[in-house]
Every structure is written in C-alpha cells, then in structure tokens.
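Please open the model in a viewer and keep the selection panel at hand. The stops below are given in the order in which they may be selected.

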Amino acid sequence: MRICVFLSAADLDDRYTRPARDFGKLIGKGGHSLVWGGSDTGLMKVVADGVQEAGGKLIGVSVEFLAHKTRPGADEMVIAADLAERKRLLLAKSDAVAVMVGGTGTLDEATEILELKKHGHTDKPVVLLNTAGFYDGLKQQFHRMEAEGFLPRPLAELVFFAEEPAEALAYLEAGRDAR
C-alpha cells in the first residue's frame, strides 16, 4: 500500500518525533511505501528515516520553492510547480492517507482530502493520528460540524482518529481491505 502522510517539516521534540519514527517503521515493516512531501527536515525526515530503516520505499512530492530541501536517496521524487499540484500528486500516488501533527499546510492538506471524501470523489481510508492530544480541538470541532448538520456523511465515514501509530496503520490496512 502507498500511504500518503501529511505532517510538519518542523523540528519538534520527542513527544512528536517518537510516534513519527514509530509510524514510519510500521509502514516499512508492513511492506508499504511512504508518499510524503519529500522534505529531509523535521518530522518529514523522521518519518522517512523510519520507513527507510525498516525497508520501505519513499515516494516524495515536493514543490519548486522547497526543492532545495528534498531528501536525497528517495526511491522517487517529483517536483510540483505549486502547492495545489503537489496535493493533487500526493493523493494520486497514494492508496490511503494519514494526517500527523503539523501546521497550516498540514491542515490544508487534511481538509482537502476530507472534502473530496465528503463529496464521494475518493474512498481512500483517512486516519488522523492524534499524537499527544494535538488534534483534540479539531476532533471536537468535527463532532460539532456533524452534530449541527454541516457534514452530509457521518464523520466516521470520513476520518478515523487514532491515538497511537499501530492503531493508525491497522485502520488504514483494514480500510484498504474493505474497499
């Protein structure tokens, strides 16, 4: 399975790097490939390191203005012209999506896949890895959107919230098998 992971390229502390490395190792050990933003910095580097250490493949999709930060030695690296093309390529190259901790770019990527899923334009499984409760507020907001009628589909059909890397991967693998 090709798993797209949306996450930060920022250098963060162990409460975020440990689960990112663990998730990467699980992807690699499972024989899966990582599809990610292609960066060799921050959490993007950490998850890619984990995948590569465990024997998995790396498929990077960077963008022209960040091409100088791409990871050498990736199995595949594509440079998109802009962020919109990058998101399109990341999703086109993947079978499933995991959203890890990140900033506005990660949130933008997450909401795009959920919007596509909401309207039936994809059936890829999507998991949000809620490391250290990072997405507790977003989870609450999504539940409010569902309760107040803003989502035409049940939230559980759009995204699964996982607390640990193993739970996240198990969900993605089960979702792939159910398609």
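**The largest pocket**

Begin with α4, which gives the most to the lining of the largest pocket, with four residues. The model under view is a predicted one. Show the pocket as a surface: the volume of the largest pocket is about 340 Å³. Next, select Ala9, Met44, Leu66, Arg86 and Gly105, which are the closest to the pocket's centre of the 18 residues that line it. Then colour α3 (83–92) and α4 (104–118), the elements that give two or more residues each to this lining. Coloured by class, the lining of the largest pocket divides into five nonpolar, eight polar and five charged residues.

**The cavity**

Rolling a probe the size of a water molecule over the atoms shows where empty space is left. The structure holds one cavity of 30 Å³ or more, and the largest cavity has a volume of about 40 Å³. To display its lining, select Val5, Phe6, Leu7, Trp36, Gly37, Met44, Leu90 and Glu109. By class, the lining of the largest cavity comprises six nonpolar residues, one polar and one charged.

**Helices α1 and α2**

Two packed helices are described by the angle between their axes and the distance between the axes. Select helix α1 (residues 14–29) and helix α2 (residues 42–53): their axes come within 6 Å and cross at roughly 35°. The crossing of α1 and α2 is right-handed.

Which residues of α1 and α2 meet? On the α1 side, show Tyr16, Thr17, Ala20, Arg21, Gly24, Lys25, Ile27 and Gly28. On the α2 side, show Leu43, Val46, Val47, Asp49, Gly50, Val51 and Glu53. Sorted by class, the contact of α1 with α2 has seven nonpolar, four polar and four charged residues.

**An aromatic pair**

For one of them, select phenylalanine 142 and phenylalanine 161: the ring centres are 6.3 Å apart and the planes stand at 55°, so the pair is tilted. Phenylalanine 142 belongs to helix α5 (residues 136–147) and phenylalanine 161 to strand β7 (residues 160–162), so the pair ties together parts that are 19 residues apart in sequence.

Conventions: Residues numbered from 1 in each chain as written. Predicted model: local features only at pLDDT ≥ 70, side-chain atom pairs only at ≥ 80, totals over all residues. Heavy atoms only, no water. Axes fitted to C-alpha atoms, helices over the stretch in contact; angles between N-to-C directions. Left-handed = near helix turned anticlockwise from the far one by under 90°. Contact = heavy atoms within 4.5 Å. Nonpolar A, V, L, I, M, F, W, Y, C, P; charged D, E, K, R; others polar. 1 Å grid on protein atoms, 1.4 Å probe; cavity = no way out; pocket = protein on both sides within 12 Å on 5 of 7 lines; lining within 4 Å. Points joined across faces, edges and corners; volume = space filled by probe spheres on them. Phe/Tyr/Trp six-rings, centres within 6.5 Å; stacked < 30°, edge-to-face > 60°.
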